[in-house]
Protein chains: 2
Amino acid sequence: MHILILGAAGMVGRKLLDRLVRDGSLGGETITRLTLHDVVPPEAPPGTPVPVALSASDFSDPGEAERLVAGRPDVIFHLAAIVSGEAEADFDKGYRINLDGTRRLFDAVRAVGEGYAPRLVFTSSIAVFGAPMPEPIGDDYVSAPLTSYGAQKAIGELLLADYTRRGIFDGVGIRLPTICVRPGKPNKAASGFFSGIIREPLAGAEAVLPVSDTVRHWHASPRAAVGFLLHAATIEGARLGDRRNLTMPGVAATVAEQIEALRRAAGDAAVARIRRAPDPAIERIVAGWPRAFDTRRALELGFTAEPDFDAIVRAHIEDELGGTVAA
Amino acid sequence: MHILILGAAGMVGRKLLDRLVRDGSLGGETITRLTLHDVVPPEAPPGTPVPVALSASDFSDPGEAERLVAGRPDVIFHLAAIVSGEAEADFDKGYRINLDGTRRLFDAVRAVGEGYAPRLVFTSSIAVFGAPMPEPIGDDYVSAPLTSYGAQKAIGELLLADYTRRGIFDGVGIRLPTICVRPGKPNKAASGFFSGIIREPLAGAEAVLPVSDTVRHWHASPRAAVGFLLHAATIEGARLGDRRNLTMPGVAATVAEQIEALRRAAGDAAVARIRRAPDPAIERIVAGWPRAFDTRRALELGFTAEPDFDAIVRAHIEDELGGTVAA
């Protein structure tokens, strides 16, 4: 089986790649070839036992998508995107990569022809939803995004469903929850604190909490995200019918519940490392975000996330900290 | 006020144009200039008292949209589209006109700059909805189309909302019901019989009914459609908030109810001109179409349709038949 990953150098892309190389197979089929692409040079895990083609380019450039699918990959993971903040700051770049790039990829698959119709897994986002929203948001709720990123992802979903209906590929779109706990350094994303208030105290460092304890949001671990991608790559397409885009399961947790999960995992000393510094700008942004979902369809189709926020904290401690936390 | 109509030679476009010329104003402002565009040469009504620029071209061709908005129209009616059947039969043409053309128009408005932000009225369609659907379909129901036309219109809606949020223009998208009674000759559209079973008997001709009496669908007259367009052009944008796309009100009527309205308007002789010829292919297509809507938002915002199917029949008799029907 030949697998293509677009966005292979990103956090989720790298974790997916590690898992694929560790498993050596996908859905019972041996992986025989990998093609890894990103705008920065991607890397194969050391000792990857199959041929790996690495490429770094802007996949929205004319000809790039054609080149990437020329080897007729059996499964395409399309994780490449300009993130929310940048797509909002740079209108042209967001539409060029997130809309035109996605469409060029889809059209490149179509251009191969000769019965080629790979499984194509597209990472969408809960940013396709915008206020006002019910709580929880069900599977039939309208996509009315309030960011250009959300609009671009919602458009990608519509294209995915139509191209799938046409038999061009066998697409599955998954709307990822906010990934928590993100490993690595704090970043400037408005959502960064959701991970920061767990990751930093567990590493013995201070974290800033810019919103109130009552803020509720929708989370899944990086490990769960990889599980979503693998399941999306292997599920029987016909089970999805024509609705090819699914909100992924997750954990609806308030900041207070996140903090209590941290306390249970690492004690009062860890919680004491959270410094409250209310930021009205971030409060305002976060107020427009979805808080909880009823993801019945994804659950019925076998997608699984953590049962509670304690499990999200545990996944971070196990996967990133070797099982230990700062005293 | 300078008004641009794309799709000015179509049935709805011509009726809109006639009304604008008759009124001489829009929302209390005098119309001083008209720009009419279509892929076939549009015509101004005889005696139109203001300068009219006529143009016929493919508006999705590079440079065309820029040319059309160069005169900075205050209101743009974007009615141009490849219809459902053709967009399904010709994948490339549908996407080129309905998606790329629409986006080029939106980008052309953006390119004008210098504070130019016209009202832009976009005709979408209830084809953005696909089965399974609740009955009635509410304002928050997901757009999950089952045709390429529906996907292209849903994408247009997302672009319209995002470009409006960005201040590029002041957009209002209106999802038209099936327009009934369409004047003119019978056509090959799968929906053609909804109009045919009224129009043909009223003109003394036979009509074919390919589906059962129990089929229920969502209708509005051409006169109501023009009313929607005028209201969409003049309503205060801020009243819509960020959700710029609205399902228009209409009449949910079964074929049996349509026939009884015909009987009340023109008697048993007219009804006797309907010949039943069940067509499983058309039955199947129509089964996937929406049947009824709860259009609370549009009604609250002042959009009005006929109260019942009798009024739709009356509108046809008054507007197309000079008030008289065949004996």
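## Salt bridges overall

Counting over all chains, the rule turns up 52 salt bridges, where a salt bridge is a side-chain nitrogen of Lys or Arg within 4 Å of a carboxyl oxygen of Asp or Glu. Before going further: this is a predicted model, in which local features need pLDDT of at least 70 and side-chain atom pairs count only at pLDDT 80 or more, while totals for chains, interfaces and linings use all residues. Residues are numbered from 1 along each chain as its sequence is written, chains are lettered from A and ligands numbered from 1 in the order in which they are written, and side-chain values use heavy atoms, with hydrogens and water left out.

One of these pairs is A:Asp170 with A:Arg119, whose closest N and O atoms are 2.8 Å apart. A:Asp170 belongs to strand β8 (residues 170-176) of chain A and A:Arg119 to strand β7 (residues 119-125) of chain A, so the pair ties together parts that are 51 residues apart in sequence. Strands here are DSSP E runs of at least two residues and helices are H or I runs of at least four, numbered from the N terminus.

## Where chain A meets chain B

On the chain A side, 34 residues are in contact with 34 residues of chain B, contact being heavy atoms within 4.5 Å. About 2,900 Å² is buried between the two chains, and carbon and sulfur atoms give 52% of that. Buried area means the accessible area (1.4 Å probe) that two parts lose on being put together, summed over both. In chain A, the residues that lose the most area to chain B are A:Phe91, A:Leu158 and A:Arg243, together 22% of what that side buries.

Helices α3 (84-89), α4 (91-112) and α5 (148-165) of chain A each supply at least two residues of the side that touches chain B, and the largest share, nine residues, comes from α5(A). By class, the residues of that side of chain A are 18 nonpolar, four polar and twelve charged. Here Ala, Val, Leu, Ile, Met, Phe, Trp, Tyr, Cys and Pro count as nonpolar, Asp, Glu, Lys and Arg as charged, and the others, Gly among them, as polar.

## Helix pairs in chain B

Helices α6 (residues 192-202) and α8 (residues 255-271) of chain B pack at about 5 degrees, axes 10 Å apart. That makes α6(B) roughly parallel to α8(B), the label for angles under 35 degrees. Axes are lines fitted to C-alpha atoms, for helices over the stretch in contact, and angles run from 0 to 180 degrees between N-to-C directions. Residues that meet include B:Phe193 and B:Ile197 in α6(B), and B:Ile259 and B:Leu262 in α8(B). The contact has eleven nonpolar, one polar and no charged residues.

Helices α4 (residues 91-112) and α5 (residues 148-165) of chain B pack at about 10 degrees, with axes 10 Å apart, which makes α4(B) roughly parallel to α5(B). Among the residues in this contact are B:Phe91, B:Arg103 and B:Asp107 of α4(B) and B:Gln152 and B:Tyr163 of α5(B).

Most residues other than glycine have a negative phi, and most peptide bonds are trans. A cis peptide bond joins A:Ala131 and A:Pro132, with omega about -5 degrees, and another joins A:Glu135 and A:Pro136, with omega about 0 degrees. A:Pro132 sits in the loop between β7 and α5 of chain A, and A:Pro136 lies in the loop between β7 and α5 of chain A as well. A:Glu114 has a positive phi, near 50 degrees, and lies in the loop between α4 and β7 of chain A.

Note on methods:
Parallel < 35°, antiparallel > 145°, perpendicular 65-115°, else oblique.
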